[in-house]
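This briefing concerns the structure shown below.

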Amino acid sequence: MRNVLCTLILTFFTLSLGGTPFAMAAPEQQNKMKACNEKANAKGFGEGKGDERKAFMKECLSAKAGKGGGGKDTQQNKMKACNKEAGEKQLKGDERKQFMSDCLSA
């Protein structure tokens with residue numbers, strides 16, 4: 001009986017962990033939808049505009065956060081650019097570390 005109870009508790013715990021990432025992503029998607037709706041209305045693509053609004057919303061919702069939104073995507077792009085430049089200059093060791101530090105902080 002005790003084994004069955006432990007198994008059930010472990011199963012419920014495991015299942016609850018599986019749903020967490022989706023629950024955390026929902027507010028971000030809702031905020032993006034709200035912002036795109038506001039942009040669509042501001043550009044004159046009101047509820048009655050049909051295909052024009054649909055096309056705008058599709059483009060807006062599929063846009064990356066890095067396009068003016070800041071955040072992780074922008075930092076990744078900066079890291080890629082600095083890394084590429086350091087490679088082109090064939091920097092190694094301490095020179096590379098110093099260059100990367102300066103480049104990323106610029």
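Over residues 66-70 the pLDDT stays under 50, and for this stretch the model has three contacts beyond four places in sequence. The structure is a predicted model. Its chain has an average pLDDT of 75, with 69% of the residues scoring at least 70. Two disulfides are counted.

**Confidence**

- Among the elements of the chain, the lowest mean pLDDT, 70, belongs to H1.
- The highest mean pLDDT among these elements, 87, is that of H4.

**Disulfide Cys36-Cys60**

- Cys36 and Cys60 are joined by a disulfide with an S to S distance of 2.0 Å.
- The pair links distant parts of the chain, 24 residues apart: Cys36 belongs to helix H1 (residues 2-42) and Cys60 to helix H2 (residues 51-62).
- Because the torsion about the S-S bond of Cys36 and Cys60 is about -85°, this disulfide is left-handed.
- Cys36 has a relative accessibility of 2% and therefore counts as buried, the cut-off for buried being under 20%.
- Cys60, with a relative accessible area of 12%, is buried.

**Disulfide Cys82-Cys103**

- A disulfide with an S to S distance of 1.9 Å joins Cys82 to Cys103.
- Cys82 is part of helix H3 (residues 72-88) and Cys103 of helix H4 (residues 93-105), so this pair ties together parts that are 21 residues apart in sequence.
- The link of Cys82 and Cys103 is left-handed, with -80° about the S-S bond.
- The relative accessible area of Cys82 is 2%, so Cys82 is buried.
- Cys103 also counts as buried, because its relative accessibility is 19% and the cut-off is under 20%.

**Pairing pattern**

- When the bonded cysteines of the chain are numbered in sequence order, the pairing reads 1-2, 3-4.
- In general terms, each such link is a covalent bond between the sulfur atoms of two cysteines.

- Is Arg53 buried or exposed? With a relative accessibility of 9%, Arg53 counts as buried.
- The side chains of Arg53 and Asn37 are joined by a polar contact of 2.4 Å.
- Leaving aside residues up to four places away in sequence, Arg53 touches Asn37, Ala40, Asn41, Phe45, Gly46 and Glu47.

Conventions:
Residues numbered from 1 in each chain as written. Predicted model: local features only at pLDDT ≥ 70, side-chain atom pairs only at ≥ 80, totals over all residues. Heavy atoms only, no water. Disulfide = S-S within 2.5 Å. Helix = DSSP H or I, 4+ residues; strand = E, 2+ residues; numbered from the N terminus. Buried < 20%, exposed > 50% of the residue type's maximum accessible area, 1.4 Å probe, protein only. pLDDT = per-residue confidence, 0-100. Contact = heavy atoms within 4.5 Å. Polar contact = N/O pair within 3.5 Å; in protein donor to acceptor, adjacent residues only side chain to side chain.
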